[in-house]
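Dear colleague,

Please find below the sequence and the structure that I am handing over to you. My notes on what was found follow directly after them.

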Amino acid sequence: MSDVYKNASTIIATTNQTTLYTVPTADASTVPKQNPVQAIVKSILVCNTTLAPITITLVNTDASLGADVCLTSVKSIAASTEVELIEKVLVLENSDILKGTASGAGLHITISVLEISN
């Protein structure tokens, strides 16, 4: 079993849905082989670098469900402030994708995650 601590940082520059973090997909054909991964998200820190409030909607594209599951909807981030988006850990599975949609450009996002593979 392998544990890897990572952070994924993104700057949302548009109002389009943006991929923030993707759990690695198992792939036996690669060298070295990519085993299935579970990811434990410890923190999603969002910083609004603009002088106006911006809203964010966060979804998990759940690979096992084949659909987007809303994690937070239209959360307002005040101008020149930072917010922790999750209060408890979030467990993601193989191929899940965290995506964010903002009402404007200027959000800086850092996701702290522990990836666990067999």
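I begin with a loop: Ser95 lies between β7 and β8. Ser95 has a positive phi of about 75°, although this residue is not a glycine. Please bear in mind throughout that this is a predicted model.

Ser80 is placed in the loop between β5 and β6, the latter covering residues 82-84. The phi of Ser80 is near 55°, again a positive value in a residue other than glycine. Ser80 has a relative accessible area of 51%, and because exposed means over 50%, Ser80 counts as exposed.

The open sheet

Four strands form an open sheet in the order β2-β8-β4-β5, and their pairing is antiparallel. Its edges are β2 (18-22) and β5 (67-77), each of which pairs on one side only. On average, neighbouring strands of this sheet are turned by 20° against each other, direction ignored.

Within this sheet, strand β4 (residues 54-62) is joined to β5 by eight bridges in the antiparallel sense.

How much of β4 is buried? Seven of its nine residues are, and the strand is thus mostly covered.

Gly100 itself lies in strand β8. Its relative accessibility is 0%, so Gly100 counts as buried. Gly100 and Pro36 are 64 residues apart in sequence, and their C-alpha atoms are 24 Å apart in space.

The loop between β4 and β5 also holds Leu65. Together with Val69 and Leu71, Leu65 makes a nonpolar surface patch of about 240 Å². Leu65 is exposed, with a relative accessible area of 56%.

The pairing of β3

Eleven bridges join β3 to β9 in an antiparallel arrangement, and one of the pairs is Asn48 with Leu107 of β9. β3 and β7 are likewise antiparallel, with three bridges; in this pairing Val41 stands opposite Leu90 of β7. Three bridges also connect β3 to β6, again antiparallel, and Leu45 stands opposite Glu84 of β6.

As a general point, side chains in a regular strand alternate between the two faces of the sheet.

The nonpolar core

Which residues touch the most other members of the largest nonpolar core? Of its 25 residues, they are Tyr21, Val41, Ile44, Leu98 and Ile111. β3 gives the most, with five residues.

The salt bridge

How many salt bridges are there? The count comes to one, with the criterion being a side-chain nitrogen of Lys or Arg within 4 Å of a carboxyl oxygen of Asp or Glu. Glu115 forms this salt bridge with Lys6, and their closest N and O atoms are 3.4 Å apart. The pair links distant parts of the chain, since Glu115 belongs to strand β9 (residues 107-117) and Lys6 to strand β1 (residues 2-12), 109 residues apart. In general, side chains of opposite charge can pair when their charged atoms come close.

The two partners fall into separate classes of accessibility. Glu115 has a relative accessible area of 9% and is buried, whereas Lys6, at 40%, is partly exposed. The limits behind these words are under 20% for buried and over 50% for exposed, with partly exposed in between.

Yours sincerely

Key
Residues are numbered from 1 along each chain as its sequence is written. This is a predicted model: local features need pLDDT of at least 70, side-chain atom pairs count only at pLDDT 80 or more; totals for chains, interfaces and linings use all residues. Side-chain values use heavy atoms; hydrogens and water are left out. Two strands pair if DSSP finds at least two bridges between them. Helices (H or I, at least four residues) and strands (E, at least two) are DSSP runs, numbered from the N terminus. Axes are lines fitted to C-alpha atoms, for helices over the stretch in contact, and angles run from 0 to 180 degrees between N-to-C directions. Patches are made of residues with over 30% relative accessible area and no salt bridge: like charges are joined within 9 Å, nonpolar side chains (Val, Leu, Ile, Met, Phe, Trp, Tyr) within 5 Å. Accessible areas come from the Shrake-Rupley method with a 1.4 Å probe; for residues, only the protein chains shown count as cover. Buried means under 20% relative accessible area, exposed over 50%, partly exposed in between (1.4 Å probe, protein chains only). A nonpolar core is a set of buried Ala, Val, Leu, Ile, Met, Phe, Trp, Tyr and Cys residues joined through side-chain atoms within 4.5 Å.
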